[in-house]
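The sequence and structure follow.

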Amino acid sequence: MLIMVTGGVSSGKTQFALSYASTLAREGIYITDEHAKPLPEKMRAPSKLRRVHISSHQSLPDTLDHINRESNLFRADRRIVVIDSLTSWMISEWKNCWNSADQARIIARLEQLKEVVFSYQGLLLIITNEMQGSFHPSEEEKQFISSMAEMNRMIAVRSDQVFQLTSGIASEISRNKIRY
């Protein structure tokens, strides 16, 4: 089962996602990057979600693939993996992009991530940001926003549930429901 949680900056995505994830499974893995700020006390990941930090020498596709391969298929429905956030991972990838060869590497990594996400066995919750540009975006910013928006669209289309958060209110846009 694939679940997507999206929204703007500081809209309450992480708090909602962690709360929702704790209702879906008995155990889980909460994946963040190594530069993620500690969560405030009210947003702490439930104790049943083990926190995993991805460092600069690791990749999200490799980490997710490793979790999938090492999982017990018969227990997959009891565990959830929460990725916080897809946007952070993509920003880290694009920061290292200096030329067209690097961009080709990033496109290959995105394809690898798509393959791993769509073949994942079990509950997977992906937190991502809505993409908006500035008034005068650079060429790099345009490429990043376009790439991120494309990834969001593909995940949304294949997701069983899609939530959009606005000011802490989650709307299940895949079924036109509102959750408080």
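Serine 10 is exposed, with a relative accessible area of 73%, where exposed means over 50%, buried under 20% and partly exposed in between (1.4 Å probe, protein chains only). A positive phi, near 50 degrees, also occurs at serine 167, in the loop between strand S6 (161–166) and strand S7 (169–172). The two serines are set side by side below.

| Residue | Phi | Relative accessible area |
|---|---|---|
| Serine 167 | near 50 degrees | 69% |

The model is predicted: local features need pLDDT of at least 70 and side-chain atom pairs count only at pLDDT 80 or more, whereas totals for chains, interfaces and linings use all residues. Residues are numbered from 1 along each chain as its sequence is written, and side-chain values use heavy atoms, with hydrogens and water left out. The average pLDDT of the chain, the predictor's confidence in each residue from 0 to 100, is 79, and 76% of the residues score at least 70. Among the elements, S1 has the highest mean pLDDT (94) and strand S8 (residues 177–179) the lowest (59).

The chain holds 5 helices and 8 strands, which run from the N terminus as β-α-β-β-α-β-α-α-β-α-β-β-β. Of its 180 residues, 44% are buried. Contact means heavy atoms within 4.5 Å; among contacts between residues at least 6 apart in sequence, 66% join residues at least 24 apart.

Leucine 124 touches Met1, Leu2, Ile3, Leu64, Ile80, Val81, Ile83 and Val117, not counting residues up to four places away in sequence.

The loop between S4 and H3 contains serine 85, and the peptide bond from aspartate 84 to serine 85 is cis, with omega near 10 degrees.

Helix H3 (residues 86–95) and helix H5 (residues 139–158) have axes that come within 11 Å and cross at roughly 145 degrees; axes are lines fitted to C-alpha atoms, for helices over the stretch in contact, and angles run from 0 to 180 degrees between N-to-C directions. On the H3 side, Leu86, Thr87, Met90, Ile91 and Trp94 meet Gln143, Phe144, Ser147, Met148, Met151, Asn152 and Ile155 of H5. These residues divide into 8 nonpolar, 4 polar and no charged, with Ala, Val, Leu, Ile, Met, Phe, Trp, Tyr, Cys and Pro counted as nonpolar, Asp, Glu, Lys and Arg as charged, and the others, Gly among them, as polar.

Glutamine 112 lies in helix H4 and is partly exposed, at 30% relative accessibility. Leaving aside neighbours within four places in sequence, glutamine 112 is in contact with Pro61 and Asp62. The C-alpha atoms of glutamine 112 and aspartate 62 are separated by 8.7 Å, although the two residues are 50 residues apart along the chain.

Definitions and conventions:
Helix = DSSP H or I, 4+ residues; strand = E, 2+ residues; numbered from the N terminus.
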